[in-house]
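These are my notebook entries on a single chain, kept in the order in which I looked things up. I set out the conventions first and then the entries by topic.

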Amino acid sequence: NGNPAQLKDVIIKPDAPSWLLLDKHADYIAAYGSKKDDYEYTLSEYLRMSGIYWGLTVMDLMGQLPRMSRQEIIDFIKACQHECGGVSASIGHDPHLLYTLSAIQILCLYDSLDAIDVDKVVEYVKGLQQEDGSFAGDKWVFVPKQQCKKT
């Protein structure tokens, strides 16, 4: 018939669950950050703040946000805010606009914006705005070449 046979890399058994196992997903995400020496955990340090945001968002969607360590996460964000107002991906990293956004989103989930110096965040973000209205990601002023253009 001209259609090549579809190859499958996984065979799903007929008795496999056909529904989403939310508890298992929530258990995995809740336990993810508890193994600080885990290989994958250490390799993801450069995007830690965004990873925390993604994990918390899905936990919130599953109604499991209270399982996460609210105060530990807020303390981590506070430790990642720099004197300039920006927030870094993790302790010891440079601040960046993306991780600052993730930190703000996390604090909004927890209704805790007052945990950081919001005025300094505003100044940091304003300082990254370029003459054409775009934003640099950090003080090194890298602006992606693939900017949106009006047509």
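Which residues make a nonpolar surface patch of about 190 Å²? I found that Leu113, Val118 and Val122 make this patch. Patches here are made of residues with over 30% relative accessible area and no salt bridge, like charges being joined within 9 Å and nonpolar side chains (Val, Leu, Ile, Met, Phe, Trp, Tyr) within 5 Å. The accessible areas come from the Shrake-Rupley method with a 1.4 Å probe, and for residues only the protein chains shown count as cover.

**Conventions**

I note that this is a predicted model, in which local features need pLDDT of at least 70 and side-chain atom pairs count only at pLDDT 80 or more, while totals for chains, interfaces and linings use all residues. Residues are numbered from 1 along each chain as its sequence is written, and side-chain values use heavy atoms, with hydrogens and water left out.

**Entry: the loop between H5 and H6**

I placed Leu113 in the loop between helix H5 (97-109) and helix H6 (118-128). Helices are DSSP runs (H or I, at least four residues), numbered from the N terminus. Leu113 counts as partly exposed because its relative accessibility is 32%; the classes are buried under 20% relative accessible area, exposed over 50% and partly exposed in between, with a 1.4 Å probe and protein chains only.

I then looked up Asp111, which is also found in the loop between H5 and H6. The phi angle of Asp111 is near 50°, a positive value in a residue other than glycine. Asp111 is exposed, at a relative accessible area of 73%.

**Entry: salt bridges**

How many salt bridges does the structure hold? I recorded three, a salt bridge being a side-chain nitrogen of Lys or Arg within 4 Å of a carboxyl oxygen of Asp or Glu.

Arg67 pairs with Asp27, and their closest N and O atoms are 2.9 Å apart. Arg67 is partly exposed, with a relative accessible area of 41%, and Asp27 is partly exposed with a relative accessible area of 41%.

Glu83 pairs with Lys120, with 2.4 Å between the closest N and O atoms. Glu83 belongs to the loop between H4 and H5 and Lys120 to helix H6, so the pair ties together parts 37 residues apart in sequence. Glu83 counts as exposed at 66% relative accessibility, whereas Lys120 counts as partly exposed at 27%.

Lys126 and Glu123 meet through their side chains at 3.6 Å, N to O. Both lie in helix H6, three residues apart, about one turn of the helix. I noted Lys126 as exposed, with a relative accessible area of 52%, and Glu123 as partly exposed, with 48%.

**Entry: the largest pocket**

How much space lies in the largest pocket? I read about 600 Å³. On a 1 Å grid over the protein atoms alone, a pocket is an open set of points where a 1.4 Å probe fits, with protein on both sides within 12 Å along at least five of seven lines, and lining residues have an atom within 4 Å of a point. The volume is the space filled by probe spheres set on the points, which are joined across faces, edges and corners.

Of the 22 lining residues, Tyr32, Gly33, Tyr41, Ile52 and Met68 are the closest to the centre of the largest pocket. Helices H1 (22-32), H3 (48-61) and H4 (70-80) each supply at least two residues of its lining. H3 gives the most, with six residues.

By class, I listed 12 nonpolar, six polar and four charged residues in the lining. Ala, Val, Leu, Ile, Met, Phe, Trp, Tyr, Cys and Pro count as nonpolar, Asp, Glu, Lys and Arg as charged, and the others, Gly among them, as polar.

**Entry: single residues**

Is Gly85 buried or exposed? Gly85 counts as buried, because its relative accessibility is 0%. I placed Gly85 in the loop between H4 and H5.

Gly51 is in helix H3 and counts as partly exposed at 29% relative accessibility. Gly51 and Tyr99 are 48 residues apart in sequence and 9.7 Å apart in space, C-alpha to C-alpha.

Cys108 lies in helix H5 and, at 46% relative accessibility, counts as partly exposed.
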